[in-house]
Amino acid sequence: METPSVYLDCAATTPVDPRVFEAMSPFFSGRFGNPSSLHASGRDARTALDEARESVAASIGANDPTEVLFTGGGTESDNAALIGIVSKAAPTGGHVVVSAFEHHAVLEPAHRLEGRGYDVTYLAPRRDGCIHAEDLEAAMRADTVLVSVMHGNNEIGTIQPIAKLADVAHEGGALMHTDAAQTLGKVEVDVRQMGVDAASFSGHKIYAPKGIGALYVKRGTPFEPLLTGGGQEFKRRSGTENVAYVVGLARAVEIMLEERETEAPRLSLLRDRLLEGITNAVENSEPTVASGERLPNIAHVVVKGVEGESMLLQLDHLGVAVSTGSACSSGSLEPSHVLLSIGCPPEVAHGSLRLSFGRFTTEADIDYFLEKFPAIVEGLRSMSPVYQRMYGSSGTEHPVTAQS
Amino acid sequence: MYSPKVMEHFNNPRNVGVVENADGVGEVGNPVCGDVMKISIRVAEDRIADIRFQTLGCGAAIATSSIITEMARGMSLEEAAGITKKDIADALDGLPPQKMHCSVLAADGLRAAIEDYRKRDSRLRV
């Protein structure tokens, strides 16, 4: 039998939707103009760019299209927001708060700011996977310039109370940024309702290509561009605009919003079915975060007494793509900083599994996973020298029968 | 990132389990780091007559455990104790740099089992 291909790693990336590809395709060879050119070809590209910007701006609730910059992806958006806002708002130094479980695209620029003399607080989430307003309040200082907390966590899928956190930031005289790469089109994302001054978005999480993102910067927000040159994007992001990809991003956002009403409940059902199926069939497994508002398309579980990479590889062998927060998958010796930040012990974090899915995931995919997964865990646990000792019901070790 | 040989050993690990009435048992690593290896051996005429492993760990940890049981079976204790992390990595057609510690763990596990055997053996002689 041919190995099926079940892709449960949509939080890592998604395929380009054929409708997105179709919208983009005229802009590679036919409508190839440079939006800065005055001639007809340039004007055509400019029109496409402007329309895409208007569409994205309207989708995220921006007041004005000029508040939306197109970037080379979520990582650039995060870097531009942190470095760009802080450098301009407090050129001589100050204090920045970022949550401890941000994506590395926020954590690394925060480290860079630290290297330049800024103070940075890495605010820990609580065990529920959320940053609490009172914890942020306690972290604020008189010289806090910027607070950055992600909207939806890319590993455990928890949604952060951005509107409340933005209130705290503003009351403390700071600006507020949120990385919304995982939430755009999946839950409601409205920059005005959230009250943020800046927000980052990524294309390839929502069926647009890799290498395109957007950054919302509210009018009047101090901002120093990362890239200077020809002055494109209102002098905030130089470089000839990637018109085809911008058009693709706009189309991708439109489709997400058109389909969200039916898609979000469908995905939530798949998520709950996965979580229930796993925890029922596999002893000593549980959802990493028990309750609260979560992304509909991420199911995160910890499976005790099994190492994540070995689960990932065995699933891969059966045609199922997933990801894990174990140390061994990351290339470092530490398990995921996200799991450690919510108080998950390292020996448990090593056994974490993230299953993320989307538009092209079917119930049959979930059933296939649930059919195969329990035996994988059982096999790996039977190979472990410590499973019975650590988690066995009798508390005594039962030697596994030798086999050749 | 893994060689086909690593994947082959990961997917079909050899000599999984525990040797009954083992002459030596070595356990190294700990769950906090994510890897635990336990190697048990039976010794006859100063050679490894039987060897089995149990491992909690990543693909490389399981593959290195599996291959070291194949390498060590039939070896004299001295030869087996001399197996290096490089020998193990070479036998698997290489390991990614960040996974070299797994081969260290396998070599340590085997040495610990041999050590355990020698300790028991010397007690018997007294």
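Select A:Gln232 to begin: this residue is buried, with a relative accessible area of 11%. The model on display is a predicted one. A:Gln232 belongs to helix α8 of chain A, which covers residues 232-235. Next, display the residues around A:Gln232; leaving aside those up to four places away in sequence, A:Gln232 touches A:Ser36, A:Arg237, A:Ser238, A:Gly239, A:Thr240 and A:Glu241.

Now turn to the aromatic rings. Over all chains, a search of the whole structure finds four aromatic pairs. Select A:Tyr207 and A:Phe360, which form an edge-to-face pair with 5.7 Å centre to centre and 85° between the planes. This pair links distant parts of the chain, the two residues being 153 residues apart. A:Tyr207 is in the loop between β7 (198-202) and β8 (213-217) of chain A, while A:Phe360 is in the loop between β12 (352-356) and α14 (363-382) of chain A. A:Tyr207 is buried, at a relative accessible area of 5%, whereas A:Phe360 is partly exposed, at 43%.

Proceed to A:Tyr387 and A:Tyr391, whose ring centres are 5.6 Å apart and whose planes meet at 35°, so the pair is tilted. Both residues lie in helix α15 (residues 387-391) of chain A, four residues apart, or about one turn of the helix. A:Tyr387 has 4% relative accessibility and therefore counts as buried, the cut-off being under 20%.

A:Arg359 lies over the face of A:Tyr207, at 4.1 Å from the ring centre.

Technical notes:
Residues numbered from 1 in each chain as written. Chains lettered and ligands numbered in written order. Predicted model: local features only at pLDDT ≥ 70, side-chain atom pairs only at ≥ 80, totals over all residues. Heavy atoms only, no water. Buried < 20%, exposed > 50% of the residue type's maximum accessible area, 1.4 Å probe, protein only. Contact = heavy atoms within 4.5 Å. Phe/Tyr/Trp six-rings, centres within 6.5 Å; stacked < 30°, edge-to-face > 60°. Lys NZ or Arg CZ within 6 Å of the ring centre and 35° of its normal.
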